[in-house]
Amino acid sequence: MGAAADFSEIPAFQVHMPGEQQVPFVFNSPHSGRHYPSRFLSMSRLDAATIRRSEDCYVDELFAAAAGVGAPFLTANFPRAYLDVNREPWELDPRMFSEPVPSFANIRSPRVAGGLGTIPKLVGEGYDIYEERLPLAEALSRIEHIYKPYHACLAELLSRTRAIFGYAILVDCHSMPANIRVGDGQGRPDFIVGDRFGSSAAAALSQHAISLLTAQGYRVANNKPYAGGFITEHYGRPAEHLHAVQVEVNRGLYMDERTLQRTDGFNRLAADLAEFVRALTASPDRHLPTMPMAAE
């Protein structure tokens, strides 16, 4: 039994494909998965509600308009507490496992130190997921059977998009706790648009996304406190005509974080994000440096 069996009936992830890709965008929701395998739950010390505290609840639904505008949308079904694909493949905490981790594992990253490595140790406000150490084979199974195929799929979507249009833009979709605050007196942001401080996407593209959300009446921050994780950093290579931005949505806009239930704000936010997706994907070359001609 392992990760392959955990997702033998429900796929670990899926791509919502338009009939024909019409825009040079790929959307991705890596943390909204809500299928918690029974085998995983049996390993955990947490109840079924607490273990969901790291989940980007309903983000896949909020950005569902992506396929409608002609963009592929990759969504996870596996939960973030089970496996975090927004990390390097081998960010492992050796204290979690009963055997030594591979010598090439990154055991000293800040994310591992915070309990949020590839195989997370914690959820939410510091709740330990497991009662005892895991066999190392458990981590290897999740990485081999889910992490690597997920990233292979995302890389292929971006490569195919760039081959069609001459460039590709990844929008990595996330949510953040309602109590997040930004310094400099800006208070609580409704959205944070991250581009790794200008290294993962053309600045004009990020500013366009910020302007669109601001025009809808939302408070939008840029890069602080979330500039983008591994996915944004790894796939955002503007010099190679690959741009990546991360969009964080404040959960207080659409859900009750205690009960995980949608609030009355959900439908309005979903409608606003559908309009945002349509506007962002319209004529993106206006907000990028001189782009190559699209492939025939």
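Is Glu61 buried, partly exposed or exposed, and at what relative accessibility? Glu61 counts as partly exposed, because its relative accessibility is 31%. Here buried means under 20% relative accessible area, exposed means over 50%, and partly exposed lies in between (1.4 Å probe, protein chains only).

The model is predicted: local features need pLDDT of at least 70, side-chain atom pairs count only at pLDDT 80 or more, and totals for chains, interfaces and linings use all residues. Residues are numbered from 1 along each chain as its sequence is written, and side-chain values use heavy atoms, with hydrogens and water left out.

The overall fold comes first. The chain holds 9 helices and 11 strands. Helices (H or I, at least four residues) and strands (E, at least two) are DSSP runs, numbered from the N terminus. The C-alpha atoms fill a box of roughly 55 × 40 × 35 Å along the principal axes. A compact globule of 296 residues would have a radius of gyration near 19 Å, and the chain agrees because its value is 19 Å. That radius is taken over C-alpha atoms, and the globule rule is 2.2 Å times the number of residues to the power 0.38. Buried residues make up 55% of the 296 residues. Of the contacts with a separation of 6 or more, 81% are between residues 24 or more positions apart. Contact means heavy atoms within 4.5 Å.

Salt bridges were then examined. A salt bridge is a side-chain nitrogen of Lys or Arg within 4 Å of a carboxyl oxygen of Asp or Glu. The whole structure contains 23 of them. Glu61 pairs with Arg34, and the closest N and O atoms are 3.0 Å apart. Glu61 sits in helix α3 (residues 59-62) and Arg34 in the loop between β2 (25-29) and α2 (38-43), so the pair ties together parts 27 residues apart in sequence. Arg34 is partly exposed, at 32% relative accessibility.

A second bridge joins Arg251 to Asp56, with closest N and O atoms 3.2 Å apart. Arg251 lies in the loop between β9 and β10 (255-256), and Asp56 in the loop between α2 and α3, so this pair ties together parts 195 residues apart in sequence. Arg251 and Asp56 are both buried.

Arg142 is buried, with a relative accessible area of 1%. Glu138 also counts as buried, at 8% relative accessibility. Shared partners join Asp6, Arg39, Glu138 and Arg142 into one salt-bridge network.

Asp195 presents another case. This residue is found in the loop between β7 (191-194) and α7 (203-215). Asp195 is buried yet has no salt bridge. The nearest side chain of opposite charge, Arg196, is 8.2 Å away. For charge, Lys and Arg count as positive and Asp and Glu as negative; His and the chain ends are not counted. A polar atom of the Asp195 side chain lies 2.9 Å from the backbone nitrogen of Gly198. Beyond residues up to four places away in sequence, Asp195 touches Ser200, Ala201, Ser206, Asn222, Asn223, Ala227, Ala244 and Val245.

The expected span is 1.5 Å times one less than the number of residues. Buried residues of α7 are Leu205, Ser206, His208, Ala209, Ile210, Leu212 and Leu213. The buried residues of α7 pack against β6 (168-176), β7, β8 (220-222), β9 (242-250) and α9 (265-281). Just after α7, Gly217 takes a positive phi of about 95°.

Helix α9 was treated likewise. Its 17 residues should span 24 Å, and its end C-alpha atoms are 24 Å apart, in agreement. Buried residues in α9 include Phe266, Leu269, Phe276 and Leu280. Ser283 follows α9, with a positive phi near 50°.

Thr118 is found in the loop between α5 (110-113) and β4 (122-123). Thr118 counts as buried, at 0% relative accessibility. Leaving aside neighbours within four places in sequence, its contacts include Asp84, Trp90, Ile143 and Tyr147.

Notes:
Polar contact = N/O pair within 3.5 Å; in protein donor to acceptor, adjacent residues only side chain to side chain.
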